[in-house]
Each structure stands twice: as C-alpha cells, then as structure tokens.
Amino acid sequence: MSDTAPAPTADAPEMPKPQVREVAAHDIAGGLALLLGLAGLIGGIGAVVGGAAVSGDGSPALGVPLIIFGALVVIASFFAMGGLNMVAPGEARVVQLFGRYVGTIRTDGLRWVNPLTSRQKVSTRVRNHETAVLKVNDAYGNPIELAAVVVWQVQDTAQAVFEVDDFLEFVATQTEAAVRHIAIEYPYDAHDEDGLSLRGNAEEITEKLAVELAARIQAAGVRIIESRFTHLAYAPEIASAMLQRQQAGAVVAARRQIVDGAVGMVEAALARIAEQGIVELDEERKAAMVGNLMVVLCGDRAPQPVLNTGTLYQ
C-alpha cells in the first residue's frame with residue numbers, strides 16, 4: 001500500500017492536517033553506553049573505597065575529595081544509564097524532551113538517548129480490529145446486521161501519539177462509523193441488476209469501506225491493510241419474510257429460464273418437422289402441439305399420456 005495519504009471520499013469527513021510528523025531520534029548503540037556506564041560505576045565505587053582507605057590512614061585532606069569525586073561519578077553513571085532503552089522488533093519509542101517531540105526510535109535492540117527525555121512505547125505490529133455486530137438500516141430501510149474486521153498498522157508514531165487522544169479507541173470508533181455509513185448507502189439486495197448491493201457486490205463494497213476508513217483514520221498515522229465483512233444478514237424480525245422473498249425470486253428466475261428453454265425447444269421441434277416434411281401441420285395442430293410440449297417441458301410432474309383413439313377434431 002502506498003505511503004501517501006489517500007484522497008478523501010466525498011462522504012468522508014475532512015480531517016485537519018497533522019501538526020507533527022515522525023522523525024528519527026538521535027540515539028546511539030546501547031552496548032557502548034552500557035559499558036561506559038558500568039566502567040564509570042566501577043570506577044566511582046573504587047574511588048569511594050580508595051578515599052575511605054586514605055582517610056583511615058590519616059590523610060582526610062586527600063581522602064574526602066576522592067570520596068566526593070567517586071560519589072559524583074557513581075551518581076552520574078546511574079543517571080547516564082537511565083537513557084538506555086530495550087526496543088523489541090515491532091515496537092518503537094516516541095521520545096520527548098520537556099514535552100517537545102524530538103524523534104522516534106525504531107531500531108531494535110539496546111539503544112541510548114538523552115536520559116532527560118521521556119520515552120513512550122508504541123507497537124508497530126499488524127493488528128486486527130473486529131467490530132461488534134451492528135444493527136442498521138440499509139438503503140431501502142430494511143434492518144440488517146453486519147460486522148467487519150479491519151487489519152491495520154501504525155505507520156506514523158508521532159501522529160498516533162500526538163494527533164489523537166487514544167489511537168486505539170480512535171480506530172475502533174471510526175471503523176464502526178465507516179461500517180454504519182457504508183451500510184446505509186447500499187441495499188442488502190439490489191432490486192435492479194445494475195445497482196450495487198451488500199450481498200451481491202461484496203468485493204466492491206469492501207474496497208469502498210477501505211477507502212473511507214483510510215480517509216477517516218489518516219490523522220492518527222494508521223494505514224489500513226485490509227477490511228472485510230465478517231457478518232451480514234437481515235435482522236431477525238424480518239429475516240423470515242425476506243427469506244420468502246428471496247425464495248420467490250429464485251423460483252421466478254428458475255421458471256423464466258425453464259420457459260425460455262422450452263420455447264427454444266418447441267421452435268426447434270416445429271422447424272425440424274417442417275424441414276423433414278414428417279407431417280403437415282395447420283395452425284390448430286401447431287397450437288395443440290405447442291401446448292402439449294410446453295406442458296411436458298414446463299410441468300413440475302411427469303406427464304400422464306392420453307391416447308386419442310379418434311382424430312384431433314373429435
């Protein structure tokens with residue numbers, strides 16, 4: 001998926017432009033910082049012990065400054081080691097200095113930054129969000145139930161932290177709003193063949209859902225990877241009536257196809273008889289033959305033959 005923000009749809013809200021963008025923080029490898037901190041800690045402790053030994057031998061003028069120096073080195077080492085961070089794969093650290101955003105650490109492993117900064121952990125792993133089963137009215141006013149699952153990922157950690165209060169809640173709320181909006185824009189089943197419907201055009205509708213979701217949550221620095229409907233059905237109070245309607249439509253469509261096929265077969269039979277000159281048929285006999293063939297071809301039950309011992313006109 002492209003990193004550029006998608007163009008907002010006509011119905012999607014116009015989000016404000018982001019005030020902050022993610023930048024890389026100034027950090028160094030934490031292994032070197034840890035070694036230097038441990039060395040300073042050991043050296044400071046050694047200075048304190050040495051100063052105490054010198055003072056015990058009767059040289060306080062030399063021992064006291066050595067103790068003070070060692071204590072300061074120990075404190076400074078502890079303070080410097082406070083800038084160490086363990087960054088796991090799929091995580092990032094948003095770094096702030098006195099409330100000002102200074103960058104994001106994305107390199108995994110042990111990293112070191114200014115110990116005066118605060119670091120906030122943000123997961124950059126791929127996540128799923130599944131909405132609850134929502135009850136809404138479709139474009140025809142019929143109550144339906146639907147739910148959707150959205151696969152998303154934090155793309156800009158600075159926007160996720162600073163542009164919205166809680167990006168997890170923001171994604172959940174906007175996902176539900178987008179699903180509701182898509183549901184009221186389209187019918188469950190389209191009456192005309194050219195119209196889109198939730199049941200008959202699932203791929204097209206989910207693409208529109210993904211576009212609207214991307215427009216809604218781009219302010220939070222989140223990108224949509226995939227969105228799908230996981231539940232789609234009529235509400236229980238009209239489900240039985242709609243099922244009967246669907247069954248009636250299926251029966252009508254099947255009957256129409258049977259009639260079309262039967263008419264074609266009758267036409268072929270009459271043309272074949274006339275072509276081979278099997279029998280001369282006047283209009284009345286053709287009508288009787290057509291009626292008999294249509295009954296045989298379109299009937300639900302097997303036809304019962306009737307033997308005519310006379311003529312067609314008796």
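**Strand β3 and its antiparallel sheet**

Strand β3, covering residues 91–97, pairs with β4 in the antiparallel sense over five bridges; strands are DSSP runs of E with at least two residues, numbered from the N terminus, and two of them pair if DSSP finds at least two bridges between them. The model is predicted, so that local features need pLDDT of at least 70 and side-chain atom pairs count only at pLDDT 80 or more, whereas totals for chains, interfaces and linings use all residues. Residues are numbered from 1 along each chain as its sequence is written, and side-chain values use heavy atoms, with hydrogens and water left out.

**Sheet arrangement**

- The open sheet is built from three strands in the order β4-β3-β6, with antiparallel pairing.
- Its edge strands, β4 (100–105) and β6 (118–123), each pair on one side only.
- On average, neighbouring strands of this sheet are turned by 25 degrees against each other, direction ignored; axes are lines fitted to C-alpha atoms, and angles run from 0 to 180 degrees between N-to-C directions.

**Partners of β3**

- Val94 has Thr104 in β4 as its bridge partner.
- Strands β3 and β6 run antiparallel and are joined by six bridges.
- Opposite Ala92 stands Val122 in β6.
- The hairpin of β3 and β4 has two residues between the strands, and Phe98 in this hairpin takes a positive phi near 55 degrees.

**Burial of β3**

- Because seven of the seven residues of β3 are buried, the strand is largely enclosed by the rest of the structure; buried means under 20% relative accessible area (1.4 Å probe, protein chains only).
- Glu91, Arg93, Val95 and Leu97 point one way from β3, while Ala92, Val94 and Gln96 point the other way, and all are buried.

Conventions:
Helices (H or I, at least four residues) and strands (E, at least two) are DSSP runs, numbered from the N terminus. Buried means under 20% relative accessible area, exposed over 50%, partly exposed in between (1.4 Å probe, protein chains only).
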